[in-house]
There are 2 protein chains.
Amino acid sequence: MKPHIPSGPAASRRKDAALRLSRFLPYRLSVLSNTVSREFARIYEGEFGLTLWQWRVMAVLGETDGLTASEIVSRTAMDKVVVSSAVAGLRADGRLVRKASRADRRALTLSLSADGRALYHSLVPRILTFETHWLSSLSTQEVETLIALMDKLAGAISPARPLWDKDED
Amino acid sequence: MKPHIPSGPAASRRKDAALRLSRFLPYRLSVLSNTVSREFARIYEGEFGLTLWQWRVMAVLGETDGLTASEIVSRTAMDKVVVSSAVAGLRADGRLVRKASRADRRALTLSLSADGRALYHSLVPRILTFETHWLSSLSTQEVETLIALMDKLAGAISPARPLWDKDED
DNA sequence: TCCAACTAGTTTCAAATGTAACTTGTTTGC
DNA sequence: GCAAACAAGTTACATTTGAAACTAGTTGGA
């Protein structure tokens with residue numbers, strides 16, 4: 001069977017709503033996000049031996065100590081298996097401790113250990129410095145615009161559940 | 001050693017450059033990108049049985065037929081193993097054919113088969129419609145702004161190599 | 001009080017990744 | 001015109017991942 005390869009004016013002028021990958025937003029988002037993640041990973045992976053998920057768990061607990069695993073799941077869009085294994089790794093490295101919740105004996109509240117907190121406090125400035133450096137090509141106003149646009153996109157793709165906390169100061 | 005747990009005014013007011021995950025751009029990018037990818041995947045995965053990478057290879061070839069695998073690698077930031085296995089899958093399903101390149105007998109040029117092209121042409125409108133629907137919460141101007149900001153961020157994170165083709169019309 | 005339905009967290013297992021090594025073919029320097 | 005270095009693409013393997021099943025504990029009726 002002869003393939004119908006569009007040719008002639010219509011095809012060469014990209015009529016009939018052609019897809020241009022370099023303009024396709026999901027594609028750009030994915031490439032940008034992966035590249036950014038890899039760059040940041042060099043900090044917490046290479047120098048501190050953390051995986052992305054371990055770092056993310058630490059970041060959540062650094063902000064709000066004493067959460068349970070399922071609270072972490074609900075506020076980070078991480079899978080519960082991923083949280084479970086990140087916690088196991090952090091515990092094995094002595095960076096995190098858990099204790100039974102009195103209220104619910106299934107639940108375990110998680111806290112950074114002394115080591116974990118020390119690690120957190122040496123990591124955060126490095127991370128923020130790198131972020132600042134990365135964002136320095138944008139004006140403050142542009143960063144605000146970007147955040148606002150991402151909020152809109154997040155709301156449009158996931159109307160039911162917010163992808164991240166609302167950001168009231 | 002006593003852990004230095006910040007407390008008091010400085011800590012509770014988030015002094016000393018605290019990290020707020022919900023404001024942290026790599027985090028937001030990652031969550032947004034993954035959510036968006038999953039939503040789009042429902043189209044090409046669920047209904048057409050394609051993986052993300054198979055779809056991406058098809059999207060590239062739909063735009064520019066007859067590329068080799070390594071040309072796809074260089075213009076999409078995909079890994080060569082990933083391209084190789086996506087191509088194998090597409091070939092097994094009869095959606096793509098390859099033929100030896102006369103110039104270099106190691107290289108194989110890739111083209112969508114008749115089936116592949118038909119699939120591509122039924123998929124693209126679905127994808128673009130969904131993208132349009134998603135982006136409908138933004139004005140045309142806002143989309144342009146977003147694209148421009150992402151360009152800047154991409155340039156800042158990867159100065160050496162552009163993450164996607166420059167977009168001259 | 002007992003049972004069914006539900007939730008927290010872990011384990012298991014199959015599939016998806018990415019790194020490194022490998023095969024085949026090409027280029028370069030002599 | 002031949003060996004060494006290099007490039008295209010595949011294979012092998014170790015690691016990561018995610019879905020589903022599982023254990024343990026809780027809740028809400030009747």
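**Exercise 1. Find which residues lie closest to DNA strand C, and which elements and residue classes make up the surface near it.**

Step 1. Count the neighbours. DNA strand C is surrounded by 18 residues, where a residue is near a molecule or strand if its C-beta atom, placed from the backbone, lies within 6 Å of it. The closest are Thr68(A), Ala69(A), Ser70(A), Ser84(A) and Arg105(B).

Step 2. Note the conventions. This is a predicted model, in which local features need pLDDT of at least 70 and side-chain atom pairs count only at pLDDT 80 or more, while totals for chains, interfaces and linings use all residues. Residues are numbered from 1 along each chain as its sequence is written, and chains are lettered from A and ligands numbered from 1 in the order in which they are written.

Step 3. Assign the elements. Helices (H or I, at least four residues) and strands (E, at least two) are DSSP runs, numbered from the N terminus. At least two residues each come from helix 4 (69-76) and helix 5 (80-92) of chain A and from helix 5 (80-92) of chain B. Helix 5 of chain A has the largest share, four residues.

Step 4. Sort by class. The surface near DNA strand C holds eight nonpolar, four polar and six charged residues. Here Ala, Val, Leu, Ile, Met, Phe, Trp, Tyr, Cys and Pro count as nonpolar, Asp, Glu, Lys and Arg as charged, and the others, Gly among them, as polar.

**Exercise 2. Work out the strand order and the pairing in the sheet of chain A.**

Step 1. Strand 1 (67-68) and strand 2 (96-100) of chain A are the edge strands, each pairing on one side only.

Step 2. Follow strand 1. Two bridges link strand 1 of chain A to strand 3 (residues 108-112) of chain A. Thr68(A) is opposite Thr109(A), and Leu67(A) has Leu110(A) as its bridge partner.

Step 3. Follow strand 2. Five bridges join strand 2 of chain A to strand 3 of chain A. In strand 3 of chain A, Ser111(A) stands opposite Val97(A).

Step 4. Turn to chain B. An open sheet of three strands in the order 1-3-2 is found there too, with antiparallel pairing. Thr68(B) has Thr109(B) in strand 3 of chain B as its bridge partner.

**Exercise 3. Determine how chain B relates to chain A, and describe the contact.**

Step 1. The same surface serves both copies, since 98% of the contact residues of chain B recur in chain A.

Step 2. Count the contact. It takes 55 residues from chain B and 57 residues from chain A; residues are in contact if their C-beta atoms, placed from the backbone, lie within 7 Å.

Step 3. Assign the elements. On the side of chain B that touches chain A, two or more residues come from each of helix 2 (25-47), helix 3 (52-63), helix 6 and helix 7 (140-157) of chain B. Helix 2 of chain B gives the most, with 13 residues.

Step 4. Sort by class. That side of chain B has 34 nonpolar, ten polar and eleven charged residues.

Technical notes. Pairing = 2+ DSSP bridges. Least-squares fit on C-alpha atoms with pLDDT ≥ 70 in both. Contact = placed C-beta atoms within 7 Å.
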